[in-house]
Amino acid sequence: MAETKKETIVMFPFMGQGHIIPFLALSLQLEQRGFNIILVNTPLNIKKLRQSIPPSSAIRLRELPFHSSDHPGLPPSAENFDALPYPLVIKFLQASKSLQPHFRSLLADLVRGDPPLAVVGDIFFGWSAEVANELGLFHVVFSGCGGFGLACYYSTWLNLPHLKTDSPEFSLPDFPEAGKFHVTQLAASYLAADGEDPWSIFQRENLSAWSNSNGVLFNSISELDKTGLAYFQRKLNRPVWAIGPVILPVQVRSGKQPAISPEKCVEWLDSKTPNSVLYISFGSMNTISASQMMQLAKALEQSTNINFIWVVRPPLGFDITADFKAEEWLPEGFTEQVVKTQNRGIIVSQWAPQLEILSHKSVGAFLTHCGWNSVLESLSQGVPIIGWPLAAEQFFNAKFLVEEVGVCLEVARGSSFEVRCDDIVEKIEKVMKGDSVKGMEMRKRAGEVKEVIRNAVRSDDELKGSSVKAMDDFLDAALLMKEKTKSVDQ
């Protein structure tokens, strides 16, 4: 069986927490199945990974040299795009291609010894498929995103359909089943694109390179994500394996220390009634504007029957990683009155123990940017979502969660639009209030999705879930290719 083999798998995530976290989670899963894992990245990210890997794990870490000073426009020691301002993200993506010769050299050294069973490359490292092919290695792209959201992202970059109509609405020519889109569902990079801009050129080259791979792994569940998965099967003519949810276990930290201990969070949550707490977080590299933050705070102040845990970061235009006092960006007296006197909320700076919070019975909804890691953590716990997408494919994820899955209500889009306190209050109460029909429907559906996810990861020999079977199929395909290569060489 695949899980008894002591083969090596090389994992190569892009340099950002939203990419590294699912790669680490997948690495730990594969290690549990009996595989040796080599996780590759740049020195600073390897240093952080060392702090995240459990003592019981034998995952090996390999560094690739990367010097941001070699790339004009990037700040010194830039090795992770979470802390970069938006205009520099494309420069960082372009600079990441300088890793190619170093990665080729690393793989070549491995091939001269015992060739690895497979190379798992990031969605932003399309070129890694060609490198693996040159060395006769099985290669898959691993998407930490869901199938639907990534299909919309992929199709929009390759077609730029919004440029071919005067209407604010458009559809995707090769993905009509996704339905209608509005320009407000497009990230800034799309809106600035003309086909010859840096983003368009990078994505056209990167996304097209996926067809050199032997298949695609998705951090998703086939029963929920059939439309998006079918798009890639058709488009790439390659196997697609939905192996999700790939989530870091609670006891494994992502390299960042939470500003509040899980124990303190749980103690506070224990004092609240079921479904009475709204959890708010916009992910590791996204934030809203100062005016939006003020309106959200006012909405929480007015929602007197709703408790909350809010992960606050500096607003748009400020250093998202800097030390700061949350009170600077909130209404005067908000922390003193709502948090301390009324004991209705907890304000957390930068980072919170998210999975521990979402798994608590007091949490009734998650106001999120709809990044896929956060979506899966929420749905795996049966928590409905209030969507506020901000970047990348998050807008498409929100559309999927609203229209296809039925577990989300969108409250706002993007960080450049004005929001009104009253509108936020209305959406929050519609989801959180116990007698709200919409809220009851969403909670019921979220509970059903939780069961779908639970069944997908069942590993009973007699009744394996779809995600477990998909992982088996991926590993069997890799083993089959290696056996064929050996027989040809002999």
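**Strand pairing.** I began with Leu39, whose bridge partner in β3 is Leu61. This is a predicted model, so I kept to its cut-offs: local features need pLDDT of at least 70, side-chain atom pairs count only at pLDDT 80 or more, and totals for chains, interfaces and linings use all residues. Numbering starts from 1 along each chain as its sequence is written, and side-chain values use heavy atoms, leaving out hydrogens and water.

I then looked up the strands themselves: β2 (residues 36-41) and β3 (residues 60-63) run parallel and are joined by four bridges. For my own reference, two strands pair if DSSP finds at least two bridges between them; helices (H or I, at least four residues) and strands (E, at least two) are DSSP runs, numbered from the N terminus.

**The crossover.** Which hand does the unit of β2, helix α2 and β3 have? With α2 at residues 43-52, the β-α-β unit is right-handed, which means that, with the strands pointing away from the viewer, the path from the first strand over the helix to the second runs clockwise.

**The sheet.** I traced an open sheet of seven strands, with parallel pairing and the order β3-β2-β1-β4-β5-β8-β9. Its edge strands are β3 and β9 (240-242), each pairing on one side only. From one strand to the next, the twist averages 25°. At the β9 end, three bridges join β9 to the parallel β8 (residues 216-218), and Leu217 stands opposite Trp241.

**A helix on the sheet.** I found helix α9 (residues 226-236) lying across β8 and β9, at about 160° to β9. Axes here are lines fitted to C-alpha atoms, for helices over the stretch in contact, and angles run from 0 to 180 degrees between N-to-C directions.

**Helix against helix.** I checked α6 (residues 147-159) and α15 (residues 394-405): they pack at about 130°, with axes 8 Å apart. That makes α6 oblique to α15, because angles under 35 degrees count as roughly parallel, over 145 as roughly antiparallel, 65 to 115 as roughly perpendicular and the rest as oblique. Where do α6 and α15 meet? Contact (heavy atoms within 4.5 Å) includes Phe148 and Tyr153 in α6, and Phe396 and Lys399 in α15.

My last entry is α3 (residues 86-95) with α8 (residues 198-208): their axes come within 10 Å and cross at roughly 35°. Among the residues that meet are Tyr86 and Leu93 in α3, and Trp199 in α8.
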